[in-house]
Amino acid sequence: MNEQIKQISERIRELRDILEVDAATLAKKVNVSLEEYMNYESGATDIPIGVIYAVAAELNVDPTVLLTGDAPRMNDYTIVRQGNGVSVERYSGYKFSSLAFNYIGRTFDPMVVDLEPMEKGPELVVHGGQEFNYVLEGTVQLVIGSREFLLHAGDSAFFNPMTPHGQRAVGGPVRFLTIINE
């Protein structure tokens, strides 16, 4: 497990313990089995971004606290210079950079996602809210439920992320903007 994911797992466990929230209760509230939740919290399994956001909501903290260990500080505006977003490598070949991590009370999260080509199809995830993807570079295979789409630079998709979905780089590295409103 990569070091960033391990740190996120440790922050979740520590905060849950401080708030005296039972693991089984939290697992149920974020709609995962206790076994799956314990794998996330122990760092044995990568934590989907939707689960991180759901845990943050249940523990009443900004997701930035779980991702970085710091709380957002800006409430009128925030500027993130190129290359200075909070970056998390979920797993080899999948990295995202949060572009609004320092803004207090944001209602959506813009992120730049970098993908490297992989042999197998994308890992499908679900989360609440709405999601928008805009391809900046390369070609993305976007799977939404049983449908597959190829999106090229300049293409976009807006969808209900409660439908299992995932993205995969095709033919080379990919960079896309995603905006998630949970």
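Me: How many helices and how many strands does the chain have?
Reply: This is a predicted model, in which local features need pLDDT of at least 70, side-chain atom pairs count only at pLDDT 80 or more, and totals for chains, interfaces and linings use all residues. Residues are numbered from 1 along each chain as its sequence is written, and side-chain values use heavy atoms, with hydrogens and water left out. Helices (H or I, at least four residues) and strands (E, at least two) are DSSP runs, numbered from the N terminus. Counted in this way, the chain has five helices and seven strands.

Me: Which pattern does the chain follow along the sequence?
Reply: The elements are five helices and seven strands. Read along the sequence, they give the pattern α-α-α-α-α-β-β-β-β-β-β-β.

Me: What is the radius of gyration of the chain?
Reply: The radius is taken over C-alpha atoms, and the globule rule is 2.2 Å times the number of residues to the power 0.38. For 182 residues the rule gives 16 Å, and the chain is close to this, so it is as compact as a globular protein of that length. Its radius of gyration is 16 Å.

Me: What percentage of the residues of the chain count as buried?
Reply: Buried means under 20% relative accessible area, exposed over 50%, and partly exposed in between (1.4 Å probe, protein chains only). Of the 182 residues, the buried share is 43%.

Me: Where is Glu20, and is Glu20 buried or exposed?
Reply: Glu20 is not a glycine, yet has a positive phi of about 55°. Its place is in the loop between helix H1 (3-18) and helix H2 (23-29). With a relative accessible area of 73%, Glu20 is exposed.

Me: What is the relative accessibility of Asn60?
Reply: Asn60 lies in the loop between helix H4 (49-58) and helix H5 (63-68). Its phi is near 60°, a positive value in a residue other than glycine. Asn60 counts as exposed, at a relative accessibility of 71%.

Me: Which residue in the turn between S1 and S2 has a positive phi?
Reply: Two strands pair if DSSP finds at least two bridges between them. Strand S1 (residues 86-91) and S2 run antiparallel and are joined by five bridges, with Val86 opposite Ser98 in S2. The two strands form a hairpin with two residues between them. The turn residue with a positive phi, of about 95°, is Gly93.

Me: What separates the C-alpha atoms of Val112 and Leu177?
Reply: Val112 is found in strand S3 and counts as buried at 14% relative accessibility. Contact means heavy atoms within 4.5 Å. Leaving aside neighbours within four places in sequence, Val112 is in contact with Lys95, Phe96, Ser97, Leu99, Arg175, Phe176 and Leu177. Val112 and Leu177 are 65 residues apart along the chain, and their C-alpha atoms are separated by 4.5 Å.

Me: Among contacts between residues at least 6 apart in sequence, what percentage join residues at least 24 apart?
Reply: Val112 and Leu177 are in contact and 65 residues apart along the chain. Among contacts in the chain between residues at least 6 apart, the share that join residues at least 24 apart is 64%.
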